[in-house]
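User: Hi! Could you walk me through this one? I'd like to start with the charged side chains.

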Amino acid sequence: NILEIGSYAGASAAAFTKYLPKSKVYCFDVNVSNFKFKSENIDVFGIDINNQKKVTKTLNKIFSEKNFTQFDLIIDDGSHNLRDILICLKYFFKYVKNKGLYIIEDYKHPNYYKYNRNIDHILVDQIFVNLNNKKSFTSNIFNDDDQKELISTIKMIETFKGNLNDSDISFITKA
């Protein structure tokens with residue numbers, strides 16, 4: 001079970017279902033009018049991740065209808081705005097299975113582009129350093145309990161540079 005946040009036209013979802021034929025992909029995007037791919041293994045939902053009430057309602061519906069409660073893989077390829085990246089990590093990481101993966105694509109966009117740094121907050125790469133060192137950080141999004149939960153449930157954070165100057169990706173493995 002895969003959740004993709006920010007699916008745009010659905011090419012990634014289509015690739016997952018092709019190369020992982022037993023997978024079921026759930027796509028959340030603020031604008032589903034761009035979505036082009038159809039498959040019985042892809043479900044698309046028009047959702048703004050900042051509408052936590054609708055997100056929770058949709059997740060509860062998926063979990064009750066499909067009889068599972070956590071995803072094997074969650075990919076955040078949403079807006080790349082700092083606030084949205086942090087909100088997604090805070091809200092969705094708890095829905096990753098043990099030994100599952102949480103991926104953030106282009107997580108350093110707020111480092112590179114001022115328009116993606118839409119809040120005054122520690123940047124994602126700095127958060128990763130603190131989490132790897134099991135240290136708390138100042139945040140108006142993650143309270144102390146949120147940070148303790150992340151520290152205790154993250155097994156490993158790996159980051160990689162992509163082919164483009166601004167295409168950094170992170171893989172967070174849940175313990």
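User: Is Asp-72 buried, partly exposed or exposed?

Analyst: Asp-72 counts as partly exposed, at 34% relative accessibility. Here buried means under 20% relative accessible area, exposed means over 50%, and partly exposed lies in between, using a 1.4 Å probe and protein chains only. Before we go on, this is a predicted model, where local features need pLDDT of at least 70, side-chain atom pairs count only at pLDDT 80 or more, and totals for chains, interfaces and linings use all residues. Residues are numbered from 1 along each chain as its sequence is written, and side-chain values use heavy atoms, with hydrogens and water left out.

User: Thanks. Which residue does Asp-72 form a salt bridge with?

Analyst: The partner is Lys-97, and the closest N and O atoms are 3.2 Å apart. The pair links distant parts of the chain, with Asp-72 in strand β4 (residues 71-76) and Lys-97 in strand β5 (residues 96-105), 25 residues apart. Lys-97 is partly exposed too, with a relative accessible area of 32%. For the terms, a salt bridge is a side-chain nitrogen of Lys or Arg within 4 Å of a carboxyl oxygen of Asp or Glu. Helices (H or I, at least four residues) and strands (E, at least two) are DSSP runs, numbered from the N terminus.

User: What else is Asp-72 in contact with?

Analyst: Leaving aside neighbours within four places in sequence, Asp-72 is in contact with Asn-1, Lys-97, Gly-100 and Leu-101. Contact means heavy atoms within 4.5 Å.

User: How many salt bridges turn up in the whole structure?

Analyst: A search of the whole structure finds four. One of them joins Asp-146 to Lys-90, with the closest N and O atoms 3.1 Å apart. That pair also links distant parts of the chain: Asp-146 sits in helix α6 (residues 144-153) and Lys-90 in helix α3 (residues 82-92), 56 residues apart. Lys-90 is partly exposed, at 35% relative accessibility.

User: And which residue pairs with Asp-168?

Analyst: Asp-168 forms a salt bridge with Lys-161, and their closest N and O atoms are 3.3 Å apart. Asp-168 is buried, with a relative accessible area of 4%, whereas Lys-161 counts as partly exposed at 49%.

User: What does the Asp-76 side chain reach, then?

Analyst: It reaches the backbone nitrogen of Gly-78 at 3.0 Å. Beyond its neighbours within four places in sequence, Asp-76 has contacts including Ile-5, Asp-84, Tyr-102 and Glu-105.

User: Which strands does β7 pair with?

Analyst: β5 pairs with β7 in the antiparallel sense over five bridges, and seven bridges join β7 to strand β6 (residues 154-161), again antiparallel. Two strands pair if DSSP finds at least two bridges between them. Glu-105 stands opposite Ile-169 in β7, while Glu-158 has Phe-171 of β7 as its bridge partner. β6 and β7 form a hairpin with six residues between them.

User: Let's do helices. Which residues of α5 are buried?

Analyst: In helix α5 (residues 124-132) they are Val-124, Ile-127, Phe-128, Asn-130 and Leu-131. Seen down the axis of α5, they fall within an arc of 165 degrees, so they line one face of the helix. The arc is that of the directions from the helix axis to the C-beta atoms. These buried residues pack against α3, β5, α6, β6 and β7. Just after α5, Lys-134 takes a positive phi of about 55 degrees.

User: Last one: what about the buried residues of α1?

Analyst: Helix α1 (residues 11-19) buries Ala-13, Ala-14 and Thr-17. They cover an arc of only 100 degrees around the axis, which puts them on the same side of α1. Lys-18 and Tyr-19 are exposed on the other side. The buried residues of α1 pack against β1 (2-5), β2 (25-29) and β3 (42-46).

Methods. A polar contact is a pair of N or O atoms within 3.5 Å; within protein, one must be able to donate a hydrogen and the other to accept it, and residues adjacent in sequence count only if both atoms are side-chain atoms.
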